[in-house]
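Subject: Structure handover

Hello,

Here is the structure for you to look through. My notes on it follow below.

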Amino acid sequence: MFIGYFTERPYQDPNSGYFGATGRDLTDLAMSNASYDPKIGAELYNRYLDEKVYAEEMGFDGLMLNEHHSTPFCMGGVMNVEAAILARITKRAKIVLLGNVLPIWDDPLWLAEELAEIDMISRGRLVTGWVRGTGRESIAHNAQSPFNWERFQEAHDFIVTAWTKPGPFRWEGEHYNYRYVNPWARPYQDPHPQIWIPGVLSKNTVKWTAEHRYPYVMLATELEPTLKSYQYYDEVARENGFEAQSQHRGYLFKVHVDETEELAEAAGRKYIQGPSNPFLEGNQGNVRAFIQNLPGMTSRTNLLPTVTSFALAASRGRQQAHREAVGLAEPDKQDKADYLGTFEEQVNKMSIITGTPKTVIPKVKHVLEYLRPGSIFFWDGDGAMTHEDSMRSLRLFGEEVIPAVREIGKSLDLKSPFEVDTKTNKPIEPAVQ
Amino acid sequence: MTTATASHTETTVEVAGLAIRVLRGGAGPAAVFLHHSTGNPGWMPFHEALAESFALAVPDLPGYGQSARPDWAREPRDIAVLVNRLLDRLELSGVTLIGAGLGGFIAAEMAAMNQSRLSRLVLIGAAGLQPNEGEIADQMMVDFAEYVKAGFRDDAAFEHVFGAEVDPGIKSLWDFSREMTARITWKPYMFSRRLAPLLGEITVPALVIWGEKDQVVPIACAHQYAKGLANARLEVIAGAGHLVELEEPETVARLIAAHAQS
């Protein structure tokens, strides 16, 4: 069992007026950065790094970072900078990047070099993860959306080759061309850091991930469609002659733990307040569907069972596919209610788990039994949560939740990609420290 | 004015291994109309009006509508090469080449590379040049239906053409057209810095037609085309939007017919 910690690093500015029912427009990609205050940014970047260091002290196996652009809900536009700092200031935990947005890189050789440097500085603690990104990312860095999937695949092939094939060599591809590939930086891990692929909706991506025998990490999707998506991975695995197991399954979900049920509820409500990810139901921001649904960005029809979540489908501009998936002619009232997703509703369906260790551990156990992931990430400290909220939770994770979850993981025989090789399904000998 | 025949035929022509659909109707000297980036909705009243004076061919541009997609195409010039070959296949000569919006961009590229089959060039609200003033409206940042609406002088004009409830087939055409457009003109968006320097080489008599209230391609581009082309004249249609040929099909068709006879 691999247990990681994640926060999306929201840009929290109490003075901006953007968040908290002030009546200002909260639409993603429709907000000017004129109100961005670098002094607040400085405090927040340092706070989030401090929290990551503390998470390592509290026993987390992995510190997960993610990347979004031109938006206040995630400050990780250049998460490789944060990763490089963590590589130096932490000692043991894996640094898990989920993930770099490959198609928006015009020069993926530069990315190959950055990741190799991070892997070396951390002495082999990098887990690299690659995504296609949302429409926001393609707009923010002006990457041509119809070639998103082609660029993802070619950039992947190129980076892996740059890491593993002795240079210099030449690369004349469809989207990337190099006359001299010979990076003077190679990954510390042999042959290269583990590659994990996060996702939410694209069936193409799951198929491709399974074909490469990479772990697939589902990001805060609802339980039943998540299980069905894993089952799709399992099917593709069987078609490719291997049995998918827990080491191929990763899951990120919202868990906050606190000293009392009252504190837990107060902090848990903050998940859906403030500059929290507008993709997710109940959050205060709106998305502009036509930007998320850029032309040719994702398949119109080849979607995962997660499309049954209206909020998720709407966030990708896939309302019509959602209606078809759930058999509705038109958006109905239940959909709207689902999209508005009150805190109570989300707690009921375990989209948010918050409580004292005593109440949280059984719920986490249920998730592990139901989904059987070998790697999990607790998503905490988000939305409007303060540093104090995060630190209380981290301490209780370390004191009570992580030890209990490790035991549950053992009893369920949940193995991470560091215990069982996803390529061979054979046990990995623990490295001699 | 007598009503022209409503009949038109549909043919498929192969160019570079791609099936290109062409609608044809009318009689007279040859004319070819190249549609906007939103695709060709069908045999429109504007086509009917042109068919009174011309033997008109309206291809679905490669990658749009019923025409096969050239996966390799990366810019409007690639489409221009294919449509020039289409003119060869159709054995057309003395052609009045008419292009609107992105179709105008492609028509200008075609004329820049080979004007031997052309007798006249007509550019309607044509993209292709970086405006001296203002910017070309970016359809990637709005819903595709909103983008089409922005092409009309007002919502009433939009509804007159597409109805209050847009047909799902038309919406689908807009949706898929946008994907092809994103493949061939993403950055820079809807213009090429390699077109303007060639305009002076286009000697075929050109008519530039623009809606006075065009909110999509700034009217600055009308003046840039009129000035840059070796032999051009500008007609601004008072009060009209970007989709001037849909708003005022008779007026625009009459201007083109007169230009062809001048």
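In chain A, strand S5 (residues 169–172) pairs with S6(A) in the antiparallel sense, over three bridges; strands (E, at least two residues) and helices (H or I, at least four) are DSSP runs numbered from the N terminus, and two strands pair if DSSP finds at least two bridges between them. This is a predicted model, in which local features need pLDDT of at least 70 and side-chain atom pairs count only at pLDDT 80 or more, while totals for chains, interfaces and linings use all residues. Residues are numbered from 1 along each chain as its sequence is written, and chains are lettered from A and ligands numbered from 1 in the order in which they are written.

Asn177(A) belongs to strand S6 (residues 177–181), and Glu172(A) stands opposite it. Leaving aside residues up to four places away in sequence, Asn177(A) touches Trp171(A) and Glu172(A); contact here is C-beta atoms, placed from the backbone, within 7 Å. Asn177(A) is exposed, because 9 other C-beta atoms lie within 10 Å. The cut-offs, with C-beta atoms placed from the backbone, are 20 or more other C-beta atoms within 10 Å for buried, 12 or fewer for exposed, and partly exposed in between. Phe169(A), in strand S5 of chain A, is partly exposed, since it has 13 such atoms within 10 Å. Between the C-alpha atoms of Phe169(A) and Val181(A) there are 5.2 Å, although the two are twelve residues apart in sequence. By C-alpha atoms, Asn177(A) and Ala83(A) are separated by 27 Å and are 94 residues apart along the chain.

Next, a helix of chain A. H1 (residues 38–57) has 20 residues and spans 29 Å from first C-alpha to last, close to the expected 28 Å, which is 1.5 Å times one less than the number of residues. Its buried residues are Tyr48(A), Glu51(A), Lys52(A), Ala55(A) and Glu56(A). Seen down the axis of H1(A), they fall within an arc of 145°, so they line one face of the helix; the arc is that of the directions from the helix axis to the C-beta atoms. On the face turned away from the buried side are the exposed residues Lys39(A), Ala42(A) and Asn46(A). The cover over the buried residues of H1(A) includes strand S1 (2–6), strand S2 (62–65), helix H2 (79–89) and helix H15 (387–411) of chain A. After H1(A) comes Gly59(A), with a positive phi near 105°.

Chain B has an open sheet of eight strands with mixed pairing, in the order S1-S2-S4-S3-S5-S6-S7-S8. Strand S1 (9–15) and strand S8 (232–237) of chain B are its edges, each pairing on one side only. Neighbouring strands of this sheet are turned by 20° against each other on average, direction ignored. Helix H2 (residues 76–89) of chain B packs on the sheet, and its direction makes about 115° with that of S1(B); axes are lines fitted to C-alpha atoms, for helices over the stretch in contact, and angles run from 0 to 180 degrees between N-to-C directions.

Finally, confidence. Chain A has a mean pLDDT of 89, and 85% of its residues reach 70 or more; pLDDT is the predictor's confidence in each residue, from 0 to 100. Over residues 329–338 of chain A the pLDDT is below 50, and this stretch has nine contacts beyond near neighbours in sequence. Where pLDDT is low, the predicted coordinates should not be read in detail.

Regards

Notes. Contact = placed C-beta atoms within 7 Å.
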